[in-house]
Each structure stands twice: as structure tokens, then as C-alpha cells.
Amino acid sequence: MGARTKARKRAIDLLFEAENRGLNARDLLAERLAKPVTEAPLSQYTSDLVEGVVAHWTDINELLSTYSQGWTLERMPSVDRAILRLGAFEVLYATEVPVNVAIAEAVELAKSLSTDDSPKFVNGLLGRLAEVKPTLA
């Protein structure tokens with residue numbers, strides 16, 4: 001597993017944990033940076049991803065809600081929400097990551113962390129966001 005893939009996985013873990021504990025992901029990130037719970041410290045890329053998702057939280061949630069056909073955010077499994085939020089951040093805002101790489105990474109994470117139907121759903125929704133990206137202000 002590459003360094004960025006590991007960073008994405010750890011960012012998803014933080015986003016998932018924060019949501020399930022009712023915490024702000026930025027606060028949980030700060031807590032983990034101050035007092036790590038694993039041997040390996042969080043990478044800068046993990047921090048950048050969590051900070052980026054939090055910075056664009058409202059827009060990301062709105063876009064996911066708008067373009068997920070037949071699914072509300074609340075109805076999605078919480079791990080899928082974390083994967084989609086991270087993937088949407090990378091697709092829409094992380095200019096150093098090619099869109100196809102961001103989508104492929106999110107799909108792989110969905111394969112390893114979520115249900116059998118999740119990879120297809122993640123691929124379709126992030127693909128749709130990539131299509132409409134040029135029309136977003």
C-alpha cells in the first residue's frame with residue numbers, strides 16, 4: 001500500500017470516527033496529532049485531507065446529496081459517507097491529484113471497507129461529480 005493510500009485510509013478512519021462519536025473531525029485530528037493512538041504518526045497528507053474535507057464540508061455534503069440518485073446522506077452507510085466526502089474533496093478541490101486517481105482510490109477503499117454494492121455507488125457518484133466539476137462555481 002502506497003503512502004498516499006495509507007494517508008487516505010487514515011483520513012477516512014478519522015472522518016468515520018468523528019462522525020460516529022459526534023465530534024468535529026478537525027478537533028479529532030488535533031487530538032490525534034497531540035496524542036497519537038498508533039505507533040506511526042499521522043502523515044501531513046492525512047492532515048491535509050481531513051482539513052480539506054472539513055473546510056469544504058457544507059459544499060461537499062450538498063453536492064453528494066444533489067447527485068446521489070435515490071440516496072440521502074443519512075441513508076448511506078457511515079463509512080461510505082466518509083469515503084465519498086474524501087473522494088469528493090480530492091475530485092473537486094485537490095488539484096495535485098488526477099481525478100481518475102482520486103476516484104480509483106475511493107473505489108478501492110470502498111471495496112476494502114464497505115459493502116459489495118458500495119464500490120459501484122462510489123464510482124458512479126464521484127464520476128458524476130467529476131463530470132459536473134467544470135460547471136461548479
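A nonpolar core is a set of buried Ala, Val, Leu, Ile, Met, Phe, Trp, Tyr and Cys residues joined through side-chain atoms within 4.5 Å. I note at the start that this model is predicted.

**Entry 1: the core**

I looked up the largest nonpolar core and found that it has 41 residues. Val50, Leu64, Ile83, Val122 and Leu126 are the residues with the most contacts inside it. I then listed the elements that give two or more residues to this core: α1 (3-21), α2 (25-34), α3 (44-55), α4 (57-67), α5 (78-92), α6 (99-113) and α7 (118-132). Which element gives the most? I found that α5 does, with nine residues.

Neighbours within four places in sequence were left aside, and Val50 is then in contact with Ala11, Leu14, Leu15, Ala25 and Leu29.

**Entry 2: α3 against α5**

Two packed helices are described by the angle between their axes and the distance between the axes. I looked up both values for α3 and α5: their axes come within 9 Å and cross at roughly 95°. Angles of 65 to 115 degrees count as roughly perpendicular, so α3 is roughly perpendicular to α5.

I wrote down who makes the contact. From α3 there are Tyr45, Asp48, Leu49, Gly52 and Val53, and from α5 there are Arg85, Leu86, Phe89 and Glu90. I sorted these residues into five nonpolar, one polar and three charged.

**Entry 3: salt bridges**

How many salt bridges does a search of the whole structure find? I got 11, and looked up three of them.

Arg32 pairs with Glu17, with the closest N and O atoms 2.5 Å apart. Is Arg32 buried or exposed? Buried means under 20% relative accessible area, so Arg32, at 12%, counts as buried. Glu17 is at 22% and therefore counts as partly exposed.

Arg26 pairs with Glu51, with the closest N and O atoms 2.7 Å apart. Arg26 is in helix α2 and Glu51 in helix α3, so the pair ties together parts 25 residues apart in sequence. I noted Arg26 as partly exposed at 35%, and Glu51 as partly exposed at 30%.

Lys111 pairs with Glu108, with the closest N and O atoms 3.1 Å apart. Both lie in helix α6, three residues apart, about one turn of the helix. Lys111 counts as exposed at 52%, whereas Glu108 counts as partly exposed at 46%.

Last, I looked for shared partners. Salt bridges join Glu17, Arg21, Glu31 and Arg32 into one network.

Note on methods: Residues numbered from 1 in each chain as written. Predicted model: local features only at pLDDT ≥ 70, side-chain atom pairs only at ≥ 80, totals over all residues. Heavy atoms only, no water. Buried < 20%, exposed > 50% of the residue type's maximum accessible area, 1.4 Å probe, protein only. Helix = DSSP H or I, 4+ residues; strand = E, 2+ residues; numbered from the N terminus. Contact = heavy atoms within 4.5 Å. Axes fitted to C-alpha atoms, helices over the stretch in contact; angles between N-to-C directions. Parallel < 35°, antiparallel > 145°, perpendicular 65-115°, else oblique. Nonpolar A, V, L, I, M, F, W, Y, C, P; charged D, E, K, R; others polar. Salt bridge = Lys/Arg side-chain N within 4 Å of Asp/Glu carboxyl O.
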